[in-house]
Amino acid sequence: MLADFLNYEFLRYTFITGLLIGIIAPLLGTFIVVRRLSLIADALSHVTLAGIAFGLMIEKLLLITFPPLYSGMAFSVIGSIFIEKLRTVYKTYQELAIPIILSAGVGLSVIFISLANGFNTDLFGYLFGSVSAVSQSDFLLIFIIFIIVVLIVTFFYKELLTLSFDEEHATISGIHTKHIHLLFIVLTALVIAASMRIVGVLLVSALMTLPVAAAMRIAKGFKQMLFLSILFGEISVIIGIISGYYLSIPPGGTIVMIAVTILLLAIGFKPSRKSQQEMREA
């Protein structure tokens with residue numbers, strides 16, 4: 001079954017890229033879910049869609065080659081910075097920043113898609129993922145993002161953990177919470193933009209949250225939840241990409257449905273009271 005993925009170069013890039021995304025998406029998603037900021041992924045995915053549509057519009061109207069991956073990434077990072085800025089503006093109602101940016105992303109997407117003469121095959125691939133969309137340059141860029149995310153999360157693990165569970169304590173402890181949070185949300189934006197080739201921008205938030213939701217039902221501590229989230233994410237990506245290729249359907253949908261299946265199985269699992277207590281204390 002894996003023969004095609006080993007024999008064809010473009011499928012190898014897709015498969016390896018999927019493995020990388022299957023690690024970093026749930027990795028950041030764990031911290032996002034713990035902080036109760038799951039909708040940030042949705043907001044940034046819609047902003048990324050606006051960036052993709054902008055790139056396609058530029059190509060259509062100005063006949064200039066403008067890779068949508070890079071324009072989507074740029075819009076996503078800018079959107080993440082605006083979210084952080086709005087969180088400081090609405091200090092009492094910080095959650096307002098997310099629907100504001102999400103709405104702006106949707107609005108811009110509609111405008112740019114209209115100016116680019118509507119949906120086409122390229123845009124469909126960005127929306128729902130594609131097994132043939134990952135080029136060598138895309139793979140190298142995503143690999144660089146993977147290295148950056150892993151290094152930063154490893155280096156700032158304690159700070160991110162403290163900030164996730166108790167932001168006030170993190171501030172008192174001398175952690176530069178604003179800088180750490182800005183760095184984290186920019187990383188999230190980069191991962192969302194990088195994931196769109198495999199999962200699609202409309203489904204990438206599911207890969208950042210569903211494996212985490214499943215892991216929360218089973219894990220006895222934060223580190224175990226982190227490991228299980230990545231494991232479930234990898235299972236979803238591997239099965240989703242392979243089945244998507246052989247069934248000739250976008251891999252994003254199959255990845256998400258595998259993640260949903262894992263979540264349903266985890267919901268059926270009833271952790272002991274001791275396990276729940278350990279999770280709260282971790």
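I take helices (H or I, at least four residues) and strands (E, at least two) as DSSP runs, numbered from the N terminus. The model is predicted: local features need pLDDT of at least 70, side-chain atom pairs count only at pLDDT 80 or more, and totals for chains, interfaces and linings use all residues. Residues are numbered from 1 along each chain as its sequence is written, and side-chain values use heavy atoms, with hydrogens and water left out.

**Fold.** I read the pattern along the sequence as α-α-α-α-α-α-α-α-α-α-α-α-α-α. The chain holds 14 helices and zero strands.

**Burial and contacts.** I looked up burial (under 20% relative accessible area is buried, over 50% exposed, in between partly exposed; 1.4 Å probe, protein chains only). Of the 282 residues in the chain, 51% are buried. Next I checked contacts (heavy atoms within 4.5 Å). Among contacts with a separation of 6 or more, 78% join residues 24 or more positions apart.

**Surface.** I noted the accessible area (Shrake-Rupley, 1.4 Å probe; for residues, only the protein chains shown count as cover). The chain exposes about 13,600 Å², and carbon and sulfur atoms supply 69% of that area.

**Nonpolar patch.** My patch rule takes residues with over 30% relative accessible area and no salt bridge, joining nonpolar side chains (Val, Leu, Ile, Met, Phe, Trp, Tyr) within 5 Å. A salt bridge puts a side-chain nitrogen of Lys or Arg within 4 Å of a carboxyl oxygen of Asp or Glu. I found Leu61, Leu62, Ile64, Leu108, Ile111 and Leu115 making a nonpolar patch of about 540 Å². Helix 3 (39–62) and helix 5 (97–115) each give two or more residues to this patch. Helix 5 supplies the largest share, three residues.

**Leu61.** I placed Leu61 in helix 3. Leu61 counts as exposed because its relative accessibility is 52%.

Conventions
Patch = residues over 30% accessible without salt bridge, like charges linked within 9 Å, V, L, I, M, F, W, Y side chains within 5 Å.
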